[in-house]
Amino acid sequence: MEITGIELIRAAALLGAGVSMGFGAIGPGIGEGFAAGKACEAIGRNPDQAGLLTRTMLVGQAVAESTGIYALVIALLLIFVVKG
């Protein structure tokens, strides 16, 4: 069995898609979990500001999630655009 250049390129694109999603999901996951934990601590110290803290936390998590979405877009491009 011989591997051609086109098959090697396709394999590298699929491997790159997996790596992109792997690293692209780790960062937002850690960041969002950290933000939620700190928001819970802040709400525990100051329950009167729970609405403001929750809203601010959700906006921050949405911004952090955007990197995961960018990684998904790159992975989809590598899967469907790079033809082997």
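Let's start with Leu14, which sits in helix H1; helices here are DSSP runs of H or I with at least four residues, strands are E runs of at least two, and both are numbered from the N terminus. Leu14 is partly exposed, because its relative accessible area is 40%. On that scale, buried means under 20% relative accessible area, exposed means over 50%, and partly exposed is in between, with a 1.4 Å probe and protein chains only. Follow the chain 68 residues along from Leu14 and you get to Val82, yet the two C-alpha atoms are separated by 8.9 Å.

Before I go on, a word on what we're looking at. This is a predicted model, where local features need pLDDT of at least 70 and side-chain atom pairs count only at pLDDT 80 or more, while totals for chains, interfaces and linings use all residues. Residues are numbered from 1 along each chain as its sequence is written, and side-chain values use heavy atoms, with hydrogens and water left out.

So what secondary structure does the chain have? Two helices and zero strands. H1 covers residues 5-45 and H2 covers residues 50-80, and they pack at an angle of about 175° with axes 8 Å apart. Those axes are lines fitted to C-alpha atoms, for helices over the stretch in contact, and the angles run from 0 to 180 degrees between N-to-C directions. H1 and H2 are therefore roughly antiparallel, the label for angles over 145 degrees; under 35 is roughly parallel, 65 to 115 roughly perpendicular, and the rest oblique.

Ala39 is in H1, and it counts as buried because its relative accessibility is 9%. Its C-alpha is 8.7 Å from that of Ala50, eleven residues apart along the chain.

Leaving out residues up to four places away in sequence, Ala71 touches Ser20, Met21 and Gly24, where contact means heavy atoms within 4.5 Å.

Zooming out to the whole chain: among contacts with a separation of 6 or more, 80% come from residues 24 or more positions apart. Of the 84 residues, 15% count as buried. And the overall dimensions? The C-alpha atoms fill a box of roughly 65 × 20 × 10 Å along the principal axes.
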